[in-house]
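Here is a short briefing for a first look. Keep the sequence and the 3D view open while you read.

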Amino acid sequence: MREIILDIHGKFLKERHQIEENIESLKRKIDFISTSEKKEISNQEVKEKTRNFLKAEYINKEILFDIVNRIEIDENKKVFIHFNFEQLNIYGSGVDSNVSIS
């Protein structure tokens, strides 16, 4: 009887381990899909949102939040702008302040 219980317990542990591996695999797939969807934002959309931002006479919160993720200022008062679009983050790195967006 004890051997049967140990056998069932072993099968249960093996099945549980397999289910946990499947869960982790699915989580990785979900993360990959989410990341891929974020990268699908077209350059045209980025340019359009940027032009609207630059042309606006008045920048309200919605316009600002549409473009900018966060702004950081270091101890030397150097400003770093983190944009919502990867393509724009080269402009907020503080490397070159003479960059223009066309």
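The points below cover confidence, layout, surface, the strand pair and the salt bridges.

This is a predicted model, in which local features need pLDDT of at least 70 and side-chain atom pairs count only at pLDDT 80 or more, while totals for chains, interfaces and linings use all residues. Residues are numbered from 1 along each chain as its sequence is written, and side-chain values use heavy atoms, with hydrogens and water left out.

**Confidence**

- The mean pLDDT (the predictor's confidence in each residue, from 0 to 100) is 78 for the protein. A value of 70 or more is reached by 78% of the residues.
- Confidence is highest in strand β1 (residues 68-73), with a mean of 87. It is lowest in helix α2 (residues 43-55), with a mean of 79.
- Residues 95-102 have a pLDDT below 50. Beyond near neighbours in sequence, this stretch has seven contacts in the model; a contact means heavy atoms within 4.5 Å.

**Layout**

- The protein has three helices and two strands. Helices (H or I, at least four residues) and strands (E, at least two) are DSSP runs, numbered from the N terminus.
- Along the sequence, the pattern reads α-α-α-β-β.
- Of the contacts with a separation of 6 or more, 19% join residues 24 or more positions apart.

**Surface**

- Of the 102 residues, 8% are buried. Buried means under 20% relative accessible area, exposed over 50%, and partly exposed in between (1.4 Å probe, protein chains only).
- The protein exposes about 9200 Å². Carbon and sulfur atoms supply 55% of that area. Accessible areas come from the Shrake-Rupley method with a 1.4 Å probe; for residues, only the protein chains shown count as cover.

**The strand pair**

- β1 and strand β2 (residues 79-83) pair in the antiparallel sense, over five bridges. Two strands pair if DSSP finds at least two bridges between them.
- Glu72 stands opposite Phe80 in β2.
- Five residues lie between the strands of this hairpin. Lys77 sits in that loop, between β1 and β2.
- Lys77 has a positive phi of about 65°, although it is not a glycine. Most residues other than glycine have a negative phi.
- Lys77 is exposed, at 69% relative accessible area.

**Salt bridges**

- The structure holds five salt bridges. Each is a side-chain nitrogen of Lys or Arg within 4 Å of a carboxyl oxygen of Asp or Glu. Side chains of opposite charge can pair when their charged atoms come close.
- Lys27 bridges to Glu24, with the closest N and O atoms 3.8 Å apart. Both residues lie in helix α1 (residues 2-39), three residues apart, about one turn of the helix. Lys27 is partly exposed at 46%, and Glu24 is partly exposed at 40%.
- Lys49 and Asp66 meet in a salt bridge at 3.1 Å, N to O. This pair links distant parts of the chain, with Lys49 in helix α2 and Asp66 in helix α3 (residues 61-67), 17 residues apart. Lys49 is partly exposed, at 21%, as is Asp66, at 32%.
- Glu72 forms a salt bridge with Arg70, the closest N and O atoms being 2.8 Å apart. Glu72 has a relative accessible area of 33% and is partly exposed. Arg70 is partly exposed too, at 41%.
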